Amino acid sequence: MITNLMKEKEEDWSLVIEPKSSLFDLQLKEVWRYRDLLQMFVTRDFIAVYKQTILGPIWFFLQPLFTTITFTIVFGNIAGISTGGVPPLLFYMAGITCWNYFAACLTATSNTFVGNANIFGKVYFPRVITPLAIVVSNMLKFGVQFVLFLLLLSYYIFTGADVQPNAYLLLVPLLVVLMAIIAMGFGMLISAMTTRYRDLQFLIGFGVQLAMYASTVIYPVSGIPEKYKTFIMANPMSSIIEVFRFAFLSSGSFQWMYVIYPTVFAVVIFILGMIVFNKVEKTFLDTV
């Protein structure tokens, strides 16, 4: 009798919160139900950063532009690092556009639990919405910087530079998704670990900068000494950036392994990050 009454009562409830039955449960139905919250988080992350600045969204253009000019002067002119025949501004802009998106997603996602502990402790919503919102909002920023890269590319094509987009442009959407998945997977993993080991918060920014130098942002694959090539290409971002440049500039080299390896890496790190994220989610308020 009591069981029947409970079942009848459940039919009147608009929301039933149940414990996750599996560490692999991403609660996709719940994410869809809270899509308005996801949109609000995306808007907040995109607008709030430069809300009280004088130049506002113009910083989305200035930041990669200044970085590209600095890299051109330091690595191109002073250090004399070859760009494989590609105009230095275009070469560095391609790498920076990709790396900025990856680094921004990873850095912000890695602070999910610690930075949102107050919200998580007061109201229910699928926790995965927070890192997902970070990835989506940064994709909007990536879009702005990508437009800047296309404008620069158009200028060089118009002036007769030896750069030519090719059919591998069809792989670019996949490359963007791979960057998002890898950053989100790593971010969820690190975020779960920072609930106990706060030192990681200080190491993540430093580590991201070091990882950039261990990728093909500032040099082509052809310029890597053979004894270091395996180490550099172990960084999945190296392959992604190389394919990105090849698709737009027809410069460098292309191998299908440059697509297969980051794809496998993305799947593995995302599954690992998801398992740890779901496990820590249940008890992290006791340690934060």
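Mentor: Start with Ser238, which is buried because its relative accessibility is 0%. Keep in mind that this is a predicted model.

Trainee: Where does Ser238 sit?

Mentor: Ser238 is in helix α12, which covers residues 236-249.

Trainee: And what does the side chain of Ser238 reach?

Mentor: The backbone oxygen of Ile232, at 2.9 Å.

Trainee: Which residues does Ser238 touch, leaving out those up to four places away in sequence?

Mentor: Ala214, Ser215, Thr216, Ile232 and Met233.

Trainee: How are Lys229 and Glu226 placed in helix α11?

Mentor: They are 3 residues apart in that helix (residues 226-233), so about one helical turn separates them.

Trainee: Is Glu226 buried or exposed?

Mentor: Exposed, because its relative accessible area is 61%. Lys229 has 24% relative accessibility, so Lys229 counts as partly exposed.

Trainee: Now cysteines. How many disulfides does the structure hold?

Mentor: 0. Cys98 is buried, with a relative accessible area of 0%. Cys105 is also at 0% relative accessibility and counts as buried.

Trainee: Zooming out, what is the count of helices and strands?

Mentor: The protein has 13 helices and 0 strands. Along the sequence, the pattern is α-α-α-α-α-α-α-α-α-α-α-α-α.

Trainee: What share of the residues is buried?

Mentor: 46% of the 288 residues.

Trainee: And the contacts between residues at least 6 apart in sequence, what share joins residues at least 24 apart?

Mentor: 79%.

Trainee: Surface next. What does the accessible surface come to?

Mentor: About 15600 Å² for the protein. Carbon and sulfur atoms account for 67% of that.

Trainee: Which residues make the nonpolar surface patch?

Mentor: Trp59, Leu65, Phe66, Ile69, Ile73, Val74 and Ile78. The patch is about 620 Å².

Trainee: Take Ile73 from that list. Which helix is Ile73 found in?

Mentor: Helix α4, residues 59-78.

Trainee: Why does Ile73 count as partly exposed?

Mentor: Because its relative accessibility is 43%. The class runs between under 20% for buried and over 50% for exposed.

Definitions and conventions. Residues numbered from 1 in each chain as written. Predicted model: local features only at pLDDT ≥ 70, side-chain atom pairs only at ≥ 80, totals over all residues. Heavy atoms only, no water. Patch = residues over 30% accessible without salt bridge, like charges linked within 9 Å, V, L, I, M, F, W, Y side chains within 5 Å. Areas by Shrake-Rupley, 256 points an atom, 1.4 Å probe, with all protein chains shown as cover. Salt bridge = Lys/Arg side-chain N within 4 Å of Asp/Glu carboxyl O. Helix = DSSP H or I, 4+ residues; strand = E, 2+ residues; numbered from the N terminus. Buried < 20%, exposed > 50% of the residue type's maximum accessible area, 1.4 Å probe, protein only. Contact = heavy atoms within 4.5 Å. Disulfide = S-S within 2.5 Å. Polar contact = N/O pair within 3.5 Å; in protein donor to acceptor, adjacent residues only side chain to side chain.
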